[in-house]
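Here is my note on the model, as numbered points. Please read it with the structure open.

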Amino acid sequence: MTEKKIINEQKGRLDKVLTEFFPQYSRSQLKQWLVERAILVNSQPAKPNYKVKENDQIELTIPPVKETSIQPENIPLDIVYEDEDVLVVNKPQGMVVHPSPGHPDKTLVNALLAHSPLSTINGEFRPGIVHRIDKDTSGLLMVAKNDQAHRSLAAQLKAKTNIREYIALVHGVIKEDNGKIDAPLGRSPKDRKKQAVVSGGRNAVTRFSVIKRYQNYTLIKCILETGRTHQIRVHLKYIGHPLVGDPLYGPSKTIKGNGQFLHAGKLGFKHPRTGKELVFDVPLPEIFRKTLDYLDKQDNL
């Protein structure tokens with residue numbers, strides 16, 4: 001399949017223009033297709049930093065799908081919803097979403113491949129994956145079982161029409177009942193493994209509201225307007241209230257658990273085929289509930 005776009009005005013770097021004109025594909029997939037010369041500008045291969053000009057013609061020819069080398073694995077899944085187009089799964093803490101150099105197997109994708117066919121748009125190593133949550137974050141993920149569903153779900157993410165609500169336990173007592181964190185994120189200049197609030201970073205917005213205040217902690221609800229890597233974790237650290245248990249962005253003195261106390265508890269989207277609004281909720285994992293019970297008891301002593 002070949003798609004063509006004619007540029008009507010000066011637009012900037014090619015890699016950024018591609019995400020605007022082809023929102024149904026991930027940035028990493030578009031980058032890979034640039035490397036594979038599947039994307040041409042005026043019938044010629046171009047580099048990601050090429051400055052797109054008025055009247056340029058961008059041509060994307062999707063390469064044949066490669067057979068995945070990822071092995072299906074018989075790993076139990078907590079499936080909240082499933083039909084012929086989509087899956088909604090409640091991911092446990094400790095499970096990586098897709099294979100990477102440090103996690104070649106036992107991922108959510110390995111488990112999904114053993115259960116169902118998946119979309120191919122997001123590349124060989126991320127079939128079906130429309131969005132991600134961190135390894136030690138629990139909760140809801142939507143998964144596409146075919147390419148048509150993937151395009152629809154990805155477009156909803158880009159248009160910010162999805163519902164994505166998280167429950168988080170943070171250090172310190174937040175005074176405001178509600179707040180908005182609008183701070184651009186990018187790779188930390190001090191530690192390449194981390195994200196940070198940086199000048200010139202990608203736009204990132206997190207809204208929060210207080211659910212309950214404890215003596216030294218606050219339980220909050222976070223709503224994502226954007227979906228950047230480690231967004232909630234970095235934003236909460238930025239305002240001086242890092243996540244409890246966060247091994248990367250939190251203090252060393254914290255409540256121990258299975259990583260950060262962050263749970264993707266509510267997810268909503270329009271069904272890619274029917275257009276029906278679907279909304280799902282899942283309860284907090286056991287260790288999160290027990291920690292809140294402990295804090296309640298401590299505050300009542």
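What percentage of the 301 residues in the protein chain is buried?

1. Burial. Buried residues account for 47% of the 301 residues in the protein chain. Keep in mind that this is a predicted model.

2. Overall build. The protein chain has six helices and 17 strands. Its radius of gyration is 21 Å, close to the 19 Å given by the globule rule for 301 residues, so the chain is as compact as a globular protein of that length. Along the principal axes, the C-alpha atoms fill a box of roughly 70 × 45 × 40 Å.

3. The annotated residue. UniProt lists D134 under "active site", in an unreviewed entry. D134 sits in the loop between α3 (108-115) and β9 (138-144). Leaving out residues up to four places away in sequence, D134 touches K91, H230, R233 and Q260.

4. E73 lies in the loop between β6 (57-61) and β7 (79-82). E73 is buried, yet has no salt bridge. The nearest side chain of opposite charge is K106, 4.7 Å away.

5. What E73 does meet. A polar atom of the E73 side chain lies 2.8 Å from the backbone nitrogen of K106. Beyond residues up to four places away in sequence, E73 touches D105, K106, N110, A111 and A114.

How values were computed. Residues numbered from 1 in each chain as written. Predicted model: local features only at pLDDT ≥ 70, side-chain atom pairs only at ≥ 80, totals over all residues. Heavy atoms only, no water. UniProt positions renumbered as here; feature names shortened; annotations may be inferred. Helix = DSSP H or I, 4+ residues; strand = E, 2+ residues; numbered from the N terminus. Contact = heavy atoms within 4.5 Å. Buried < 20%, exposed > 50% of the residue type's maximum accessible area, 1.4 Å probe, protein only. Lys, Arg positive; Asp, Glu negative; His and termini not counted. Salt bridge = Lys/Arg side-chain N within 4 Å of Asp/Glu carboxyl O. Polar contact = N/O pair within 3.5 Å; in protein donor to acceptor, adjacent residues only side chain to side chain. Rg over C-alpha atoms; globule rule 2.2 N^0.38 Å.
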